Structure formats: structure tokens, C-alpha cells
Amino acid sequence: MLRIVCADNELFESSNFTFSGLKGQTKVGREGLHYFSKKATIVLTSPSKTFIDRVVQGLFQESHILLGNLMLQADSVEIEDAPTFKESMKYLCISPIVPFHQIEGLNNKMFVNPMSDDFSDMLYDSTMFRMEKSGKYTAEQISSFFRFQVIPDEQYLARINRMDKKFARIYSVIKGGEIFEARGYTLPFEVLAAPEVQEFIYNNGFGELTTHGFGMLDIPNFNPGKQPYIFDEETQQP
């Protein structure tokens, strides 16, 4: 397990963020996932530069990071340019989306058809709750974000079903020291919503359990420019 430790626990617990799995050349073997790349990449997103600074600084303070049988060393950091957010945005899943978890009366592993209104409504409720909880939006703004719809790529779902492949799986999650399971979905989709909402889900992750690495999004055919990451003055350079 790779654990990111933030010196300011309050900052860590109050921040919205999500991250990708470790990216590199891999092969599945009997003992699990084997990495063959000399370099691996992880993507971390958060609207808080202070939070990003603390995490990156912590990584560079460690001489080595043990991840399973991998011995890693922080090498470089780049920041990607942000896209232009519009009322209609198409997304890909870098990590699975969890539309709900721990709702009374619902099984965490229950399958919800992505083409149904329930799927879109759950993600709307989750997004509005998280936006309100962030404290960065007024009650009037939250009320104005009523236009919201998730439209999965129907052709993709049909193709996956014909190939007898899965786009929804059960994942084990450790939360509060306890292990439970939740269903995550990996599929391309379109979101109709205000640009402020689009920006929030892109920067903070979409759905539930984002701080556990779920709900990270990418935009198809978007190739962002990249720049060396600059720390705040009070932090060290990598």
C-alpha cells in the first residue's frame, strides 16, 4: 500500500482530491501485477495547491517508497494545463466511478443501470453534497446547478456486452479501518451541467470514495500542456 502522509491532518481530511493507479508497463501474473517499466506515473488532482504542495513535498522527503515489491523514488513532477469547461463535456474514466455507498436500505454492491435515471440522480446527489460540503459555493449557487444529466456512451456499453466484458466490478475499500465493498463503473460518458460543476468533478473526482482513488476523469482527445511544478516559497524544491 502506498500511503500519502500529510503533515497537516486537518488539511488532508478536509481536502477534495483523487488519484490514479500506478501507470506503467505491466503484466498480470500468478502473484499479482508485475511492473516492467523503469519509470511509473501517478496522477493526483485537487483544487488546493497547498494540499498538492504538502503531498509532493512529502514524497520527495522520502529516499524510497515501498509499494508492494516495488521500490520507488520520486523523480519529477509536472502540472497539466486545465481544459475549458462547458455545459456539455465528454469524459473517460481513469479510475472507476462509485455512484453511491453506505446509503441506508441499499446494498453497496447493487448494480445500477448506467442508462437509468437512478444512475444520473445518484451522481447528482453526490456531487451537490460534495460541492456544498467544500464551502466554496453559496446556497444560491448550489440551487442553480439543477440542470444535470449523465449520458453514458450507449454504443460502448453495447459493444462491451457483445464482447462479454465487464464495465462494472466490485472493489474492496478500506475506510475507517474497516473493509467493505462497493461497485465501481468504468465507461465513457457525457455530462450536461454548469461549467462550475464540470470543473468541480474534473478537479475533485466524480462520485463517492474519491479520496480512495475512485472517480478520476480524463477528457478524450485533450492533450494538455505540461509545465514543471513550482512549489510555494516556504517549501523545498524537488
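Reader: What makes the meeting of glutamate 87 and arginine 147 a salt bridge?

Author: The distance decides. A salt bridge is a side-chain nitrogen of Lys or Arg within 4 Å of a carboxyl oxygen of Asp or Glu. The side chains of glutamate 87 and arginine 147 meet at 3.7 Å, N to O, so the pair counts as a salt bridge. Glutamate 87 sits in the loop between strand 7 (78–80) and strand 8, and arginine 147 in the loop between helix 4 (139–144) and strand 9, so the pair ties together parts that are 60 residues apart in sequence. Helices (H or I, at least four residues) and strands (E, at least two) are DSSP runs, numbered from the N terminus. Before we go on, please keep in mind that this is a predicted model: local features need pLDDT of at least 70, side-chain atom pairs count only at pLDDT 80 or more, and totals for chains, interfaces and linings use all residues. Residues are numbered from 1 along each chain as its sequence is written, and side-chain values use heavy atoms, with hydrogens and water left out.

Reader: Why are glutamate 87 and arginine 147 called partly exposed?

Author: Buried means under 20% relative accessible area, exposed over 50%, and partly exposed in between (1.4 Å probe, protein chains only). Glutamate 87 has 47% relative accessibility and arginine 147 has 45%, so both fall in the partly exposed range.

Reader: How many salt bridges are there by this rule?

Author: The count is three. Another one joins aspartate 53 and lysine 49 at 3.3 Å, N to O. Those two residues are four apart in helix 2, which means about one helical turn separates them. Aspartate 53 counts as buried because its relative accessibility is 2%, whereas lysine 49, at 36%, counts as partly exposed.

Reader: And what makes lysine 109 and glutamate 181 a salt bridge?

Author: The closest N and O atoms of lysine 109 and glutamate 181 are 3.2 Å apart, so they pass the salt-bridge rule. This pair links distant parts of the chain: lysine 109 is in the loop between strand 8 and helix 3 (117–134), glutamate 181 is in strand 11, and they are 72 residues apart. Lysine 109 counts as partly exposed at 36% relative accessibility, and so does glutamate 181 at 34%.

Reader: What does the side chain of arginine 183 reach instead?

Author: The side chain of arginine 183 reaches the backbone oxygen of lysine 109 at 2.9 Å. That is a polar contact, because the term covers a pair of N or O atoms within 3.5 Å; within protein, one must be able to donate a hydrogen and the other to accept it, and residues adjacent in sequence count only if both atoms are side-chain atoms.

Reader: Why are the buried residues of helix 5 said to be on the same side?

Author: In helix 5 (residues 154–162), Tyr156, Leu157 and Ile160 are buried. They cover an arc of only 100 degrees around the axis, which puts them on the same side of helix 5. The arc is that of the directions from the helix axis to the C-beta atoms. On the other side of helix 5, Glu154, Gln155, Asn161 and Arg162 are exposed. The buried residues pack against strand 9 (149–152), with contact meaning heavy atoms within 4.5 Å.

Reader: What makes strand 9 and strand 12 a pair?

Author: Two strands pair if DSSP finds at least two bridges between them. Four bridges join strand 9 to strand 12 (residues 189–192), so they qualify, and they run antiparallel.

Reader: Why are strand 9 and strand 13 called edge strands?

Author: Four strands form an open sheet in the order 9-12-8-13, with antiparallel pairing. Strand 9 and strand 13 (217–218) each pair on one side only, and these are the edge strands.
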